[in-house]
Amino acid sequence: RAFAGATVHDIFNLLSVAILFPLEVISHYLYHLTNAMLPDSVGDGEKWEGPIKKIVSPFAGRVLKANKDVIKDIATGKVDSCDAYYPALCLDGIEDYKHCASKCDKDAGEEVGVDCGRVGLITCDKTTGCPAFFQNGANLHDDSISGGVCLVLSLFLLIVCLMGLVNVLQRGLAGMSTRIIYKATNVNGLIAMAIGTGITILVQSSSITTSVLTPFVGLGVIQLEQMLPLTLGANIGTTITGLLAAMVSDNVDALQVALCHLFFNLSGIVIWYPIPIMRRVPLRGARALGRATRRSRLLPPIYIIVVFFVIPLLLLGLSS
């Protein structure tokens, strides 16, 4: 049941892509629809941060803070590789934002190592300073190892937290509380979508919404039919983050991409949810995967490797 709950979101997205991607290639309906909605420019505004991000970011920033300028500069062709950012350099050997991560004003003739520092894949924050894994003089290999260590630690903490969550749910959702949660989630599909959308807007992550719901499905507290509209609402809610990000920019293209994301999800919902016979397609697909895990414990890791690594790499190779 848990694997079916975890994959119903994936099945819906894959089915939507299978239909809407060829349709977009042929008709460009998403492009024309969103293009008609665009203003001449996008107004400036304050960037909105969700409450979860406000709580977590200061702690995460003290451990590791990724330098987003690296991928941006490589994508736009400003630099050829990450080697252009190394070795990391802090003025006077002082590890803080001002001496390490402040940018040079090339128009004023400032030079790296004289007027400003240089950071690689790991940068410093204006508020919290340089994180624990930042090192003055680090090279690409050093930062790659630091990133790998943080990845392993984060996966370990994620697994521990999920195991703890399931254990707490098993102990807490007994008897009357199980029936209360069942009745609370046993609502009309449109209301369930609105709930999923609201929760995802609050936490700014559809992954959090679906990962919290999955143990409930595994424990039998929520049926798969109840989880589907909640995850569809989470799909809509996660597009709000992109819209908010586009609103703080003068780039109209950013707003169009965010609108395409929104209408792609809305189109998928219109195709797969309102008609019962269509709704059963992702539900049956998820249940089939869930039943297959009983026969082989190797299916979940194989599924993850194929769906999230092999297929994207193949499509990337074809597109290039």
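Arginine 287 is partly exposed, with a relative accessible area of 30%, where partly exposed denotes the range between buried (under 20% relative accessible area) and exposed (over 50%), computed with a 1.4 Å probe on protein chains only. The model is a predicted one, in which local features need pLDDT of at least 70 and side-chain atom pairs count only at pLDDT 80 or more, whereas totals for chains, interfaces and linings use all residues. Residues are numbered from 1 along each chain as its sequence is written, and side-chain values use heavy atoms, with hydrogens and water left out.

The side chain of arginine 287 meets that of glutamate 225 in a salt bridge, at 2.6 Å from N to O, a salt bridge being a side-chain nitrogen of Lys or Arg within 4 Å of a carboxyl oxygen of Asp or Glu. Because glutamate 225 lies in helix α10 and arginine 287 in helix α12, the pair ties together parts that are 62 residues apart in sequence; helices (H or I, at least four residues) are DSSP runs numbered from the N terminus. Glutamate 225 is likewise partly exposed, with a relative accessible area of 40%.

In total, the structure holds four salt bridges. One of them joins aspartate 125 to lysine 65, with the closest N and O atoms 3.6 Å apart. This pair links distant parts of the chain, since aspartate 125 is in the loop between α5 (97-100) and α6 (140-172) and lysine 65 in the loop between α3 (51-63) and α4 (68-75), 60 residues apart. Lysine 65 is partly exposed, at a relative accessible area of 30%. A further salt bridge is formed by lysine 72 and aspartate 69, whose closest N and O atoms are 3.8 Å apart; these two residues are three residues apart in helix α4 and are thus separated by about one helical turn. Both count as partly exposed, lysine 72 at 49% relative accessibility and aspartate 69 at 22%.

Beyond its neighbours within four places in sequence, isoleucine 269 is in contact (heavy atoms within 4.5 Å) with Phe12, Met193, Leu232, Ile236 and Pro274.
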